[in-house]
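Dear colleague,

I am passing on a structure that you have not worked with before. Please open it first, and then read the notes below alongside it.

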Amino acid sequence: MTEVYRALALQTTCRAVNAAPDVAAARSKIAANIARIDRQVRGSKAFIGQDLRLVVLPEYFATGYPLGDTIPGWADKAAFAMDGPEYDALAKVAQENKVYVASNAYETDPNFPGLYFQASVLFDDAGNTVLRYRRMVSLFAPTPYDVWDRYLDIYGIDGVFPVAHTPLGRLACVASEEILYPEIARSLALRGAEVLLHSTSEVGSPALTPKDIAKRARAFENMAYVVSANTAGIVDVDIPAQSTDGMSKIVDDQGRVMVEAGDGESMVAFAEIDIVALRRRRERPGMGHILSRLPQDAIAQGLAPAPMQPNALMPGGELRIPERAEFGQRQRATIESLKTAGVIGNG
């Protein structure tokens, strides 16, 4: 057990592959992006110190996100194979720098050919994969919920909400805008998560944003650290590059921001994680012990009416590949269901 160590939310520029002329060029750029991460992790550890044990990378740091690509097209261009060279390279970054590395990428799964999921994958300091979490809430990409019955058959519910028991504590991943959904983090916390690793690419602002408020809330309500790494902008695409920049931070279990990065590429967002002290606080009775006071069964029943139905991409058990426009159509249908149920609207 490592009682106290340093964690880093590495704020690095995303060099997108959308404009790559072919798959080979895209893959070459991805390899260069990962090699650049290796150099930045190495340099950061030299400055921060040998007690840097955990590095969280931003969302889709090596590829950017699919701007207009079809599902199969983006899978070919930018999605990592579960046993592919990109993950081998990231494992090597972790092993050679002797740090745990939390990555985020689009990845394919041979159990669901033609699809991709957005995955947060955690490597230990020996380069072993110790956690794989697939994003559950996404507006324009497939999720495990879209193939729910088959996904549960293969991975089980603990594969949906995985928590890694490590010498650095019990670690779990939350992807991007999922920080806005308290149910995701709570599901992980009730499985023991002590440190939530948040890979994000979000709007930077001098004012509090919804995501920034949510980071503090998720930390406090789950009695857990949040290590949140944002991109230092996205380049090589036709959006203003610095729209998603700054605000990488580490939040303690009281919802207090321990450290925060400004704009641009930065290793500033590092801080000490004291798991022993956290566990001591988690064993102390009182009004502030949120997890022990939660009437979980009542909450579960209250959440039972679910307007968004599972298995949208496996009707009748047969996998189909969607057009990207379908995701927006499905959201509009769900909003109509919410209106019919009287959840929203004038009913």
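Lys98 sits in the loop between α3 and β4 (100-107), where helices (H or I, at least four residues) and strands (E, at least two) are DSSP runs, numbered from the N terminus. The phi of Lys98 is near 55°, which is a positive value in a residue other than glycine. Most residues other than glycine have a negative phi. With a relative accessibility of 54%, Lys98 counts as exposed, given that buried means under 20% relative accessible area, exposed over 50%, and partly exposed in between (1.4 Å probe, protein chains only).

Please keep in mind that this is a predicted model, in which local features need pLDDT of at least 70 and side-chain atom pairs count only at pLDDT 80 or more, while totals for chains, interfaces and linings use all residues. Residues are numbered from 1 along each chain as its sequence is written, and side-chain values use heavy atoms, with hydrogens and water left out.

A positive phi, near 75°, is also found at Met247, a residue in the loop between β11 (234-235) and β12 (249-251). Met247 has a relative accessibility of 4% and therefore counts as buried.

Asn18 belongs to the loop between β2 (14-15) and α1, and its relative accessible area of 15% makes Asn18 buried. Leaving aside residues up to four places away in sequence, Asn18 touches Thr63, Tyr65, Pro66, Leu67, Asp69, Trp74, Lys77 and Val237, where contact means heavy atoms within 4.5 Å.

Next comes a pair of helices. Helix α1 (residues 23-48) packs with helix α3 (residues 85-97) at an angle of about 10°, and their axes are 10 Å apart; the axes are lines fitted to C-alpha atoms, for helices over the stretch in contact, and angles run from 0 to 180 degrees between N-to-C directions. The two helices, α1 and α3, are therefore roughly parallel to each other (angles under 35 degrees count as roughly parallel, over 145 as roughly antiparallel, 65 to 115 as roughly perpendicular and the rest as oblique). On the α1 side the contact is made by Arg27, Ile30, Ile34, Asp38, Val41, Arg42 and Lys45, and on the α3 side by Glu86, Ala89, Leu90, Val93, Glu96 and Asn97. By class, the residues of this contact of α1 with α3 are six nonpolar, one polar and six charged, where Ala, Val, Leu, Ile, Met, Phe, Trp, Tyr, Cys and Pro count as nonpolar, Asp, Glu, Lys and Arg as charged, and the others, Gly among them, as polar.

On a 1 Å grid over the protein atoms alone, a cavity is a set of points where a 1.4 Å probe fits but cannot get out, and a pocket is an open set with protein on both sides within 12 Å along at least five of seven lines, while lining residues have an atom within 4 Å of a point. Grid points are joined across faces, edges and corners, and a volume is the space filled by probe spheres set on the points.

The largest pocket has a volume of about 1200 Å³, and of its 28 lining residues, Met136, Val137, Tyr145, Tyr181 and Met308 lie nearest its centre. Helix α9 gives the most to this lining, with six residues.

The largest cavity holds about 30 Å³ of space and is lined by Thr12, Thr13, Arg15, Asn33, Arg36, Ile37 and Phe61.

With best wishes
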